[in-house]
Amino acid sequence: MANHAAEEKPLRKMAEAFKDLANTLNSQTLDEAAKMEVAPFSHACTLVSPLFRCLGIAFKFAELDYVAKVGDLAEASKSITTLHTMMDQDIQANCVRKAGSHTRNLLRVKRGLDMVKVLFEEIIAAEGNSLKDPASKAYTQVFAPYHGWAIRKAVSAGMYALPTRQQLMIKLNEDDSARTQMQNYVASCETVITYIDKLFTSRDLGIDW
């Protein structure tokens, strides 16, 4: 059991999975015509879930919401090949903005990926052992505009229970390579997020809902 735990490197798996996604997109030229398959995308997204879990109660709501919506995309991948096709089917069914639609869930998942990207950017830039400022900035920038007062208040209270940077690295079983892995995720995730945003804007769906 201990040996298995020692082999688990969630941060590294995240970074590698998103690097693969970014490479797939870059090999096609990054435009709306590029295709991303739902299966590898949803699998990469599942690898981000442990990070939310490690952040504790402050991001519990985000974790539950994220995990559920990634699960929906994983299920969708059994019958739908690409994100492109998935969204077009929702448009044809006139259900894009309905709760539970794959397209709506994709937007929420993208927001989760973006939050982690901003968190990593802030952790890399910050000094000291506290995660409160990096986590607060990431939440305020990405999630807060879409959350009601009650959720924002709960998140704010939960910020005081965040692990320290050192504790987070221990939970993720990471070492000195953590900074590099975070930088790799940030760079690759930027490519993936840009692609998803283009899928929405090219269909006049917007991304602020």
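## About the model

The structure is a predicted model, in which local features need pLDDT of at least 70, side-chain atom pairs count only at pLDDT 80 or more, and totals for chains, interfaces and linings use all residues. Residues are numbered from 1 along each chain as its sequence is written, and side-chain values use heavy atoms, leaving out hydrogens and water.

## Overall fold

The protein has 11 helices and 0 strands. Here helices (H or I, at least four residues) and strands (E, at least two) are DSSP runs, numbered from the N terminus.

How big is the box that the C-alpha atoms fill? Along the principal axes, it is roughly 50 × 40 × 35 Å. The radius of gyration, taken over C-alpha atoms, is compared with a globule rule of 2.2 Å times the number of residues to the power 0.38. For 209 residues, a compact globule would be near 17 Å, and the protein agrees with its 17 Å. Buried residues make up 48% of the 209 residues, where buried means under 20% relative accessible area with a 1.4 Å probe, protein chains only.

Contacts (heavy atoms within 4.5 Å) also tell a story. Among those with a separation of 6 or more, 78% are between residues 24 or more positions apart.

## The annotated domain

An unreviewed UniProt entry places "domain: Glycolipid transfer protein" at residues 37–174; such annotations may be inferred rather than shown by experiment. This span is 68% helix and 0% strand, and its end C-alpha atoms lie 30 Å apart.

Two packed helices are described by the angle between their axes and the distance between the axes. Axes are lines fitted to C-alpha atoms, for helices over the stretch in contact, and angles run from 0 to 180 degrees between N-to-C directions.

Helix H2 (residues 10–26) packs against helix H11 (residues 178–201) at about 35°, with the axes 8 Å apart. Which kinds of residue form the contact of H2 with H11? By class, there are 13 nonpolar, 5 polar and 2 charged residues. Ala, Val, Leu, Ile, Met, Phe, Trp, Tyr, Cys and Pro count as nonpolar, Asp, Glu, Lys and Arg as charged, and the others, Gly among them, as polar. Residues that meet here include Leu 11 and Phe 18 in H2, and Tyr 185 and Val 192 in H11.

## Helices H7 and H8

The axes of helix H7 (residues 102–125) and helix H8 (residues 132–142) cross at roughly 145° and come within 8 Å. Their contact divides into 8 nonpolar, 1 polar and 4 charged residues. Among the residues that meet are Arg 111 and Leu 119 in H7, and Lys 137 and Val 142 in H8.

Methods: Buried means under 20% relative accessible area, exposed over 50%, partly exposed in between (1.4 Å probe, protein chains only).
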